[in-house]
Each structure stands twice: as C-alpha cells, then as structure tokens.
Amino acid sequence: MGTCRDRRTKGRLHHFGRPFVKYSGPTVHFVDEQFDTGRTLAQRVVPVLANDTPEQLAARVLHEEHQVYVEAVAALCEDRIVWREDGVPLIRSRTNPNAFT
C-alpha cells in the first residue's frame, strides 16, 4: 500500500497555493505497476485553511495519514473491507459489523 504523497512530492503538498483547493488529505491505496493507479482503500479529508502555510497543512495531512494508514491496514487484516459494485471501499466498524466507518 502507498499514499498519494509518498514519491512524487517527497512529502510536499503538490497542490498547495492553488486558490481553488479547499481540501487536501491522504489517500491509502494498493500499489501496482503504475504510479498512483492502485485501487483506493481509504481517504481522509483535511480542510485547507485561509491562513495555512505549507508546513501547517502538511502537518495536519501527515497526522491524518498516520491514523488512516493504521486503520486501513487493520481493516484489511481483519477482513472488514467491503467493496461496493462501483469499486468504492467501505470499512466495517469493529464494534458493529452492520455499520461502516
């Protein structure tokens, strides 16, 4: 598995400074033979605040990345991933198998 900020940006947010970007965030995906084309497993949304510096935004994205990566790997290992027909992954709750997180 990889995340969108792994290789191409070397930890930098490649869209920072674009005025139309309201959100950023990490994406956990399976790694395949192409760059960033593996099936998405989980994502988190991090708002881009008006006064953010690149370092502030990167710190918030990294914090979410650390959480979502662990949660996605745990869900995969515990067989809690359900794939919708359109390919979107849903992660079952640990405490309530009928609910999704």
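A lining residue of a pocket is one that has an atom within 4 Å of a pocket grid point, and the legends below, which describe a predicted model, begin with the pocket to which that term applies.

**View 1. The largest pocket and its lining.** Strand 4, helix 1 and strand 7 (89–91) each supply at least two residues of the lining, and helix 1 gives the most, with 5 residues. Sorted by class, the lining holds 10 nonpolar, 3 polar and 5 charged residues.

**View 2. The largest nonpolar core.** This core consists of 8 residues, namely Val 28, Leu 41, Ala 42, Val 68, Ala 72, Ala 75, Ile 81 and Ile 91. At least two of its residues come from each of strand 4 (40–43) and helix 1 (54–77), with helix 1 giving the most, 3 residues. In soluble globular proteins, nonpolar side chains tend to be buried together. Ile 81, one of the core residues, touches Leu 41, Ala 75, Leu 76, Pro 89, Leu 90 and Ile 91 when residues up to four places away in sequence are not counted.

View 3. Most residues other than glycine have a negative phi. Because its relative accessible area is 67%, above the 50% cut-off, Asp 79 counts as exposed. Arg 80 is placed in the loop between helix 1 and strand 6 as well, but Arg 80 counts as buried because its relative accessibility is 12%, under the 20% limit. The side chains of Arg 80 and Glu 78 are joined by a polar contact of 2.7 Å. Leaving out residues up to four places away in sequence, Arg 80 touches Glu 71, Ala 74, Ala 75, Leu 90, Ile 91, Arg 92, Ser 93 and Arg 94.

**View 4. Trp 83 in strand 6.** Trp 83 lies in strand 6, which spans residues 81–83, and is partly exposed, because its relative accessibility of 29% falls between the 20% and 50% limits. Beyond its neighbours within four places in sequence, Trp 83 is in contact with Phe 30, Arg 39, Thr 40, Leu 41, Val 88 and Pro 89.

Conventions:
Residues numbered from 1 in each chain as written. Predicted model: local features only at pLDDT ≥ 70, side-chain atom pairs only at ≥ 80, totals over all residues. Heavy atoms only, no water. Core = buried A, V, L, I, M, F, W, Y, C linked by side-chain atoms within 4.5 Å. Buried < 20%, exposed > 50% of the residue type's maximum accessible area, 1.4 Å probe, protein only. Helix = DSSP H or I, 4+ residues; strand = E, 2+ residues; numbered from the N terminus. Contact = heavy atoms within 4.5 Å. Polar contact = N/O pair within 3.5 Å; in protein donor to acceptor, adjacent residues only side chain to side chain. Nonpolar A, V, L, I, M, F, W, Y, C, P; charged D, E, K, R; others polar.
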